[in-house]
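Please look over the sequence and the model shown here before reading on.

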Amino acid sequence: MSSSPTPAPTFSRLLDRAMRILSQRDHSREELKRKLQLSSQRAAWMQQQEKAEPIPDELLEQVADWCQQNGWLNDQRFTERFILSRSGRGYGPQRIRMELQQKGIARDEVDQALFDTEVNWIACAAGLAKRKFGDPLPQDWAGKSKVQRFLMTKGFLMEDIQAIFRNFDD
């Protein structure tokens, strides 16, 4: 069974897809462009084609520019919301920094957003540690090491982790 080739995506078709993507949640500019490219590949696969023609970068940029100019796409807003969301789920600044960079946000923008955020990283780490290990936190060396390793895997900085024990030692 042969199928007709997938028509090349037009600006309006890509814009329609972009609006559907952005209506679900905020995305970074790079993340939106990746999703648009993937949707084109998925459409070709659904029509049982060998390979989809990649969407030209200029067309992706035009769609992203339109979305940005009309307030649908904003990397700063995305970054702020992402930090609040991920910190609320128990992730620290290091993990959040890495995830934002994977989503195409520049390192200096991430650093500035983390600096400007109202999130109290020590309180987040302490709350997470108490939920996992109980209150009061372990005071022996082995127990403190477990807490420390756990919080480091969640992306918290060593000084924030140490501050938990300093604040509770008093």
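The structure is a predicted model. Its largest nonpolar core has 24 residues, and another core, of 15 residues, lies apart from it.

**Helix α3**
- Helix α3 spans residues 57-69 and has 13 residues. From its first C-alpha to its last it reaches 18 Å, close to the 18 Å expected at 1.5 Å a residue.
- The buried residues in α3 are L59, L60, V63, A64 and C67. They lie on the same side of α3, because they cover an arc of only 135 degrees around the axis.
- Residues three or four places apart in an α-helix point the same way, because there are 3.6 residues a turn.
- The exposed residues D57, E58 and Q69 are carried on the face of α3 turned away from its buried side.
- After α3 comes G71, which has a positive phi, near 80 degrees.

**Lysine K33**
- K33 belongs to helix α2, residues 29-46.
- K33 counts as buried, because its relative accessibility is 14%, under the 20% cut-off.
- Leaving aside residues up to four places away in sequence, K33 touches L60, E61 and A64.

**The nonpolar cores**
- In the largest core, the residues that touch the most other members are I83, I96, L100, W121, L151 and F156.
- Two or more residues of this core come from each of α4, α5, α6, α7, α8 and α9. The largest share, 5 residues, comes from α7.
- L151 touches A125, L128, A129, F156, I161 and I164, not counting residues up to four places away in sequence.
- The separate core of 15 residues includes L15, I21, L32 and V63.

Technical notes. Residues are numbered from 1 along each chain as its sequence is written. This is a predicted model: local features need pLDDT of at least 70, side-chain atom pairs count only at pLDDT 80 or more; totals for chains, interfaces and linings use all residues. Side-chain values use heavy atoms; hydrogens and water are left out. Helices (H or I, at least four residues) and strands (E, at least two) are DSSP runs, numbered from the N terminus. Buried means under 20% relative accessible area, exposed over 50%, partly exposed in between (1.4 Å probe, protein chains only). Contact means heavy atoms within 4.5 Å. The expected span of a helix is 1.5 Å times one less than its number of residues. The arc is that of the directions from the helix axis to the C-beta atoms. A nonpolar core is a set of buried Ala, Val, Leu, Ile, Met, Phe, Trp, Tyr and Cys residues joined through side-chain atoms within 4.5 Å.
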